[in-house]
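I am opening my notebook for a new structure. I will write down each thing I look up, one topic at a time.

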Amino acid sequence: MNSSNPDGTTGAPAQKRTAVQIRGLRKVYRTRARNVVGVDHVDLDVNAGELVVLLGPSGCGKTTLLRSVAGLETPDEGEITIDGKLVFSSSKKRYLPPEDRHLGMMFQSYALWPHMTVFQNVSYPLTSLDPAARGDVRGRVHDVLTRLGVAGFEERFPSELSGGQQQRVALARALIGKPSVILFDEPLSNVDAKVRRRLRAQLRDLKHETKFSGIYVTHDQEEAMELADTLAVMDSGRIKQLGSSRQVYEKPNSLYVAGFVGEVNQWPAEIVQVGPSVVHAKTNFGTFEVHCANSEMQIGQKGVLAIRPERVDVGAVGAAVADPAPRVRGTVREVVFLGARCEVRIELPGAEVMAWLFEAVSHRSPPVAGSPIDVIFEPGSLQWLDA
Ligand SMILES: Nc1ncnc2c1ncn2[C@@H]1O[C@H](COP(=O)(O)OP(=O)(O)OP(=O)(O)O)[C@@H](O)[C@H]1O
Ligand SMILES: [Mg+2]
């Protein structure tokens with residue numbers, strides 16, 4: 001009998017094709033002084049049509065992971081499969097060179113070749129194809145440059161283009177061979193904020209149109225959240241959390257991840273009561289109920305109570321309170337107007353809290369520095385995080 005799937009269909013669930021599969025990947029750099037772990041036992045799947053963004057601080061292993069997939073680095077342990085083909089295996093002693101992995105690449109360090117024209121740069125990946133697979137090279141170059149808004153520059157050299165135009169030409173070069181997987185290593189870090197925003201939007205459009213799969217490395221949190229189908233937050237060669245941008249932002253599994261994707265208020269806290277799905281966490285300025293799925297929590301456990309600043313509101317002292325939201329009395333220390341929002345820094349007994357207020361939404365004027373105020377935590381938004 002066929003089993004029933006969660007979507008109501010019967011039979012075997014449809015298998016998502018895996019574009020890149022990484023298992024147990026480890027890379028150690030052996031320098032004269034000491035061994036440096038670049039990537040430490042990483043498992044990662046990139047499904048067809050999915051863009052996985054690796055986000056993490058400098059030195060956490062993003063480039064090492066990407067270069068290992070590209071074949072530019074030889075890992076010490078693990079396996080890498082691209083489009084069902086085993087391209088690296090330490091145990092099976094298999095290593096396929098980069099040119100046989102059929103990947104598109106757009107690396108910051110792989111800037112355009114300065115001695116080649118735009119046409120020569122963009123058409124270069126086609127030269128490794130059989131003549132039959134190359135097709136009409138001029139036509140293909142023209143199509144991809146048109147799509148990216150840089151047609152007409154074919155005979156120019158990279159030094160005769162703006163930074164944004166160069167990045168678009170580099171993207172054209174990554175796309176022209178219609179690779180099923182594209183690797184990006186901080187491709188937009190050399191262009192100014194405005195151009196970067198435009199290129200990101202263009203990249204999202206391209207992804208909808210061409211459905212390429214990819215791994216995209218950045219340490220820009222906004223860029224990561226904007227582009228990621230799946231976000232992988234890395235630390236010291238390991239993936240700390242994997243999920244959609246929303247999952248990672250709203251349900252970070254550690255203080256490290258919470259602080260890496262966005263701002264977060266955090267206070268040292270101790271568990272003083274444990275219930276079936278809630279715990280009570282004690283801080284300097286009060287004890288708060290926190291929803292908690294982890295059933296292993298113990299009384300006396302130390303950690304951090306956290307809340308995003310946009311989940312903190314303020315209310316006039318003494319105003320009638322209808323909702324059950326937790327409140328704490330504080331004093332406004334500073335109000336900073338940032339256009340779309342006001343950042344309000346409030347002093348609490350033995351602590352400080354940041355609230356982001358969106359005046360256009362609340363239709364209220366901002367609080368005044370020095371005045372007493374009630375801090376209101378949005379129900380369900382306080383989180384317990386292991387330090
Ligand atoms: N060729 C190398 N020889 C020795 N150590 C290296 C080499 N390349 C990288 N490392 C080390 O491996 C670790 C990971 O480096 P990697 O370049 O992957 O980091 P990253 O996350 O890409 O950082 P960034 O954001 O600065 O580009 C770092 O500690 C780095 O110093
Ligand atoms: Mg890097």
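My entries below go from the whole chain to single residues.

**Entry 1: the model and its confidence**

I note at the start that this is a predicted model. I looked up the confidence of the protein chain. Its mean pLDDT is 89, and 95% of its residues reach 70 or more. Where is confidence lowest, and where is it highest? The lowest is in helix α10, residues 359–362, at a mean of 74. The highest is in strand β4, residues 77–82, at 98. I also checked residues 1–14. There pLDDT stays under 50. For residues 1–14 the model has six contacts beyond four places in sequence.

**Entry 2: the whole chain**

I counted elements next. The protein chain has ten helices and 21 strands. Its C-alpha atoms fill a box of roughly 80 × 60 × 50 Å, taken along the principal axes. Of the 387 residues, 32% count as buried. I then looked at contacts between residues at least 6 apart in sequence. Of these, 64% join residues at least 24 apart.

**Entry 3: domains and core**

The domain assignment gives domain 1 (18–255) and domain 2 (263–385). I looked up the distance between their C-alpha centres, and it is 40 Å.

Then I turned to the largest nonpolar core. It has 86 residues. Which residues have the most contacts inside it? They are Val 53 and Ala 172. Helix α5 gives the most to this core, with six residues. Domain 1 and domain 2 both give residues to the core, so it lies between them.

Leaving out residues up to four places away in sequence, Ala 172 touches Val 122, Val 144, Leu 145, Leu 148 and Val 150.

**Entry 4: around ligand 1**

How many residues surround ligand 1? I found 13. The closest are Tyr 29, Ser 58, Lys 62, Thr 63 and Thr 64. Two elements give two or more residues to this shell: β2 (35–47) and α1 (62–70). Of the elements, α1 gives the most, with three residues.

**Entry 5: a pair of loops**

I picked Ser 159 and His 115. Ser 159 lies in the loop between α4 (137–147) and α5 (163–175). His 115 is in the loop between β7 (103–107) and α2 (118–123). Ser 159 and His 115 are 44 residues apart in sequence. In space they are 9.3 Å apart, C-alpha to C-alpha. I also checked Phe 157 against His 115. Those two are 42 residues apart along the chain, with their C-alpha atoms separated by 7.1 Å.

Is Ser 159 buried or exposed? I used the cut-off for exposed, which is 12 or fewer other C-beta atoms within 10 Å. Ser 159 has 8, so it is exposed. His 115 has 9 such neighbours, so it counts as exposed too.

**Entry 6: positive phi**

I looked for positive phi angles outside glycine. Lys 211 has a phi of about 55 degrees and is not a glycine. It is in the loop between α6 (193–210) and β9 (213–218). Lys 211 counts as exposed because it has 11 C-beta neighbours inside 10 Å.

Ser 236 has a positive phi of about 45 degrees, and it is not a glycine either. Its place is the loop between β10 (230–235) and β11 (238–243). Ser 236 has 14 other C-beta atoms within 10 Å, so it is partly exposed.

**Entry 7: Ala 281**

Why does Ala 281 count as buried? The cut-off for buried is 20 or more other C-beta atoms within 10 Å. Ala 281 has 28, so it is buried.

I listed what Ala 281 touches, again leaving out residues up to four places away in sequence. Among them are Ala 269, Ile 271, Phe 288, Leu 305 and Trp 384. I also looked up Leu 382. Ala 281 and Leu 382 are 101 residues apart in sequence, yet their C-alpha atoms are 9.9 Å apart in space.

Technical notes:
Residues are numbered from 1 along each chain as its sequence is written. Chains are lettered from A and ligands numbered from 1 in the order in which they are written. This is a predicted model: local features need pLDDT of at least 70, side-chain atom pairs count only at pLDDT 80 or more; totals for chains, interfaces and linings use all residues. A residue is near a molecule or strand if its C-beta atom, placed from the backbone, lies within 6 Å of it. Helices (H or I, at least four residues) and strands (E, at least two) are DSSP runs, numbered from the N terminus. A nonpolar core is a set of buried Ala, Val, Leu, Ile, Met, Phe, Trp, Tyr and Cys residues joined through C-beta atoms within 7 Å. Domain bounds come from an automatic or database domain assignment. Two residues are in contact if their C-beta atoms, placed from the backbone, lie within 7 Å. pLDDT is the predictor's confidence in each residue, from 0 to 100.
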